[in-house]
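Biologist: Please take me in for a close look at the packing here, and spell out your cut-offs as you go.

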Amino acid sequence: MNDAAYLRWQAIVERETLGEPISSDEREFRGDFEAEHPECAAETEAWSALLGALGGDMPEAEADDDLAAKILAAARSTSTSAGPFASARDAATTSAGPFASARDTATTSADHVPRASISSATSGTNATSTTSPPLASVHALAPRRPIAAIVGGLAAITAAAAALALWWSGAAEDEGPRPTIADADSTTPPAAHTAPPVKIPDAPTPLAEVEPVIVAMASPGRLQVDGVALGVGMSLGEGATIQADDGACLVFRGPFAAVCLGAGAEARITGARGGVREVALTRGRLVATLDPVGPGQSFTVTTSAGGARAIGTIFAVEVAGPTIDVGVVEGKIEVRKAGDAGAHPLIAGERTTMADPAVTSPLGGDLSTWSKGQAEISALWKGDADAAHLSIGEAKGLALAIDGVALPAQGELELLIAAGPHALTSRGARGEARTRTIVGDPAAPTRLGRAELGARAGSRPSAGEPPSVGSIPPSTPAPPEKPSIDELRRAAADARGDRRWQDAAAAYRSLVDAYPSTPEADNARYQLADLLRVRLGRPDAALEQFDAYLARGGPLAAEARVGKIRCLQALGRSDDEAAAIAEYLDRHPDHIEVDKFRKRARELAGR
Amino acid sequence: MDKVKTREPIRAPDVEGDRKLMELVAAEDPRAQSTLVHRLLGRVQRATRALLRERADAEDAAQVALLEVLRSAGSFRGEGTIESWSDRIVIRTALRLARRRVTSHGRIDDRAEPDRIAGDDEADASLARADLPRDLQEYLRALPEARREALVLRHVLGYSVAEVAELTGVSPNTVKDRLLAAREELRRMIRRDHLIHPRAARKTA
């Protein structure tokens, strides 16, 4: 395999994509090439499957007599003074068929009712349900949704409910002229037999940016929100005051942010809309773990003595009486003392106090250890897999870890995990460990009692354990021979599936080292870079891999440039970041994130 | 690529017969109308179902398109078959309705269901029936309408690039760009999301 072969394969594929014929020699070459390159084979298979699906719901050749009769009846019924085919024009105009039916009514209603109420219609309900969309959406949200989708869906519900309320409240008062479908789309007046056009109310105030905050981890009954105990998976919104008797974590989405509160902490969510998040910490400590935020977005923790504002980082704030400490584990933040106009930068490994943010010292001690532990836990909620509820009984004397992430020792614990298998390790006081697989099920909580958690010497389970609680397969053993591309890719994918990020990175490195000039190696470079940046928190190492990927080029060049920008941002290299953004905008002017990075470029230029 | 479907064979032309038939249709002769509708309906449904994501929308489009064909019968000049003449009316009607539906659904989804693209449960079911892996279903849902149209017209309905360009009102190069962009996006998705891993395949099956 070499670059020339890959280019030949690509050229053949492009011609096929355009529907041009290929020779038998080319077909044979393509087959041989794909036999050695599973990614290329997968692409061809996927393409065929897509085309099959696009044409897969075709009717039989014979016509539908009922439908034909309807069409003929419509043609005849409209052959009157309005002209024989007025209904066809009207139907085309209103985008509904000319034959009124329950389904047509629902569709037409759904097209024309206020935006906020349409969610129920798109969920497959009938016209009558358009009056109660939030409830319809609530039911649609129930358990089988990704964590991201739960949050997004809740945002939609909030927005829909608020917008609907606004519409209802405004509809009675505002009877002024409004556009109709006919007005908007056609100069042809509706025929007499068609339904009157439905008025479109003015767009409600867009409240869709209000973000719910999801409880991702807490001890049962130990997290109070405005005086009410809240459990895992429930949401709270702007203005909520939180009291965490034990440690608890909350998750924002878009961009991801997790806030873990220490035992005894009290905080209030003072901002949660449009990516602008603000948490006021009044007691105790918290650690915020954030993905880089976009232009116009921010994450701020305020206290009585000042605030700390972050742009993609891990940082902690602790209020202990009059002393308020701030520490940065990763990235960079700005600390602003109350009453001061200027902000003081604080970078990874540093700590300061709100009383005198200009003075910094190395971050260490308990705050550092605790922050790093909480940040690791937060990584459990970064993915977009289905969310499952895990309930862990009191495990006195046992240290528990999921996928290598240590859980807090605080009695009973509930948390969200990604659906699917996870490695649960329990370690006793004498160091004996037991590792088992637990399976997160989005449909029902997974409950683990003392019996399931009990530690025994050795990490291998005994034979005959129940199927849902089995052994963790050992790490990929060193093969006696050089593994194939496919084997390495599978190893990486297995590790990713099990959230063993280091193992996945190692597999990708092996692939790059063993097969450096293959398209799979190019792809592995990108995956490795992505892992290093997102999962392993190593923007410096990720940057090297993104550069290596870009040096060879590939179909993910735009994504790689975005990754590079984010790395530079995380590293605080603003000048390099600006240059990388300029290159990205120049080379990928149609990419999905250009608007975001144009804004970011303006921000950087204004500094 | 082996599964690419081609347009159904066009019957041997009967130019004079077709012209006579269309004259009668234009004169609103019921039997001629019935003959024409029955002759074209299967073909029209095939096209509208390929172009519109929801079956009910496709039925609507078939009705609207055939009524338009009946209405326009007087413009038939006999310079080709009725099928090829009507195809243009049908495709343009279906495309117009498809774009309108997408616009409508897009507006809905922006507001109410950010994690859904088309918001069409029926289309979802159709994709599931097609036994398409979940990742590919998501790709198809997210596929921009212009690229989807180009794919359907070229690879499902069998139009040439030039014909697709004419039907969609863009240049042939734009059609090629759309086809290649659809393929490129698929390649990016596969390489980005590990689509070929057997576990992923099982998960999505």
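Modeller: I call two residues in contact if their C-beta atoms, placed from the backbone, lie within 7 Å. This is a predicted model, where local features need pLDDT of at least 70 and side-chain atom pairs 80 or more, while totals for chains, interfaces and linings use all residues. Residues count from 1 along each chain as its sequence is written, with chains lettered from A and ligands numbered from 1 in the order written.

Take Cys249(A): leaving aside neighbours within four places in sequence, its contacts are Ala216(A), Met217(A), Ala258(A), Val259(A), Cys260(A), Ile377(A) and Ser378(A). In the 73-residue largest nonpolar core, Cys249(A) is among those touching the most other members, along with Ala216(A), Val259(A), Leu286(A), Ala288(A) and Phe315(A). (Such a core joins buried Ala, Val, Leu, Ile, Met, Phe, Trp, Tyr and Cys through C-beta atoms within 7 Å; buried takes 20 or more other C-beta atoms within 10 Å.) Another, separate core has 61 residues, including Ala47(B) and Val152(B).

Now for Asn523(A), which sits in helix H15 of chain A (helices are DSSP runs, H or I, of at least four residues, numbered from the N terminus). Asn523(A) has 25 other C-beta atoms within 10 Å, so it is buried. Beyond its neighbours within four places in sequence, Asn523(A) contacts Glu39(A) and, over in chain B, Arg191(B). Gly553(A) is 30 residues from Asn523(A) in sequence, yet their C-alpha atoms are 10.0 Å apart.

Note on methods
A residue is buried if 20 or more other C-beta atoms lie within 10 Å of its own, exposed if 12 or fewer, and partly exposed in between; C-beta atoms are placed from the backbone. Helices (H or I, at least four residues) and strands (E, at least two) are DSSP runs, numbered from the N terminus.
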